[in-house]
Amino acid sequence: MNNMSVGLIAGFVATVVLSAMMIAKGMMGVMPELNVAAMIGNMMGASVVVGWIVHFMIGTIAWGAGFAALYGMLPGNSVVVKGIVFSMVAWLGMMILVMPMAGAGLFGMNLGIMAPIMTVVLHIIFGAVLGAVYQAATSRFIPS
């Protein structure tokens, strides 16, 4: 197994964790208007199911493989810190590009101040999981 495969595994697991938190957030009634899968589906003129598929493709392929490819260039003294740094770049891209394209405004401010706060917390957790799983999978599947 190579670093790219490990990155895909880490991206998928981190996306599962992020998605579970997004679903729990919605079930608790916390910012139900911040439904990323529905936003993605709407942007594509498709259903929320398509939004979830694209959400998992982005988290697994773009962010998992991207983390593996950029790992050596990321600042940080631990894999988890590198994952968090990487996820903050992804968050910033989401806030500056995706949120306005989805009609939520820059940093999602059309949804209120909680949108950027909620999404940054979710991305920090995503990055920590991404880094932790990448480290665990690398030590298990890639010989030193």
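**Loops and a surface patch**

Mentor: Let's start with M31, which sits in the loop between helix 1 and helix 2. Helices here are DSSP runs of H or I with at least four residues, numbered from the N terminus.

Trainee: How far can I trust the details, and how is the numbering done?
Mentor: Residues are numbered from 1 along each chain as its sequence is written. The model is predicted, so local features need pLDDT of at least 70, side-chain atom pairs count only at pLDDT 80 or more and totals for chains, interfaces and linings use all residues, while side-chain values use heavy atoms, without hydrogens or water.

Trainee: Is M31 buried or exposed?
Mentor: M31 counts as buried, because its relative accessibility is 9%; the cut-offs are under 20% for buried and over 50% for exposed, with partly exposed in between (1.4 Å probe, protein chains only).

Trainee: Which other residue has a positive phi without being glycine?
Mentor: F107, where phi is near 60°. F107 belongs to the loop between helix 4 and helix 5.

Trainee: Why is F107 called partly exposed?
Mentor: Because the relative accessible area of F107 is 25%.

Trainee: How far is F107 from M27?
Mentor: Their C-alpha atoms are separated by 23 Å. Along the chain, F107 and M27 are 80 residues apart.

Trainee: Switching to the surface: which residues make the nonpolar patch?
Mentor: M43, M44, L92, I96, L97, V98, M101 and L106, and together they make about 740 Å². A patch takes residues with over 30% relative accessible area and no salt bridge, joining nonpolar side chains (Val, Leu, Ile, Met, Phe, Trp, Tyr) within 5 Å and like charges within 9 Å. Areas are Shrake-Rupley with a 1.4 Å probe, and for residues only the protein chains shown count as cover. A salt bridge needs a Lys or Arg side-chain nitrogen within 4 Å of an Asp or Glu carboxyl oxygen.

Trainee: Which element gives the most to that patch?
Mentor: Helix 4, residues 79–101, with five residues.

Trainee: Where's L106, then?
Mentor: L106 lies in the loop between helix 4 and helix 5. L106 counts as exposed because its relative accessible area is 52%.

Trainee: One more methionine. Where does M73 sit?
Mentor: M73 is in the loop between helix 3 and helix 4.

Trainee: Buried or exposed?
Mentor: M73 is exposed, because its relative accessibility is 64%.

Trainee: And how far is M73 from N35?
Mentor: The C-alpha atoms of M73 and N35 are 32 Å apart. In sequence, M73 and N35 are 38 residues apart.

Note on methods:
Helices (H or I, at least four residues) and strands (E, at least two) are DSSP runs, numbered from the N terminus.
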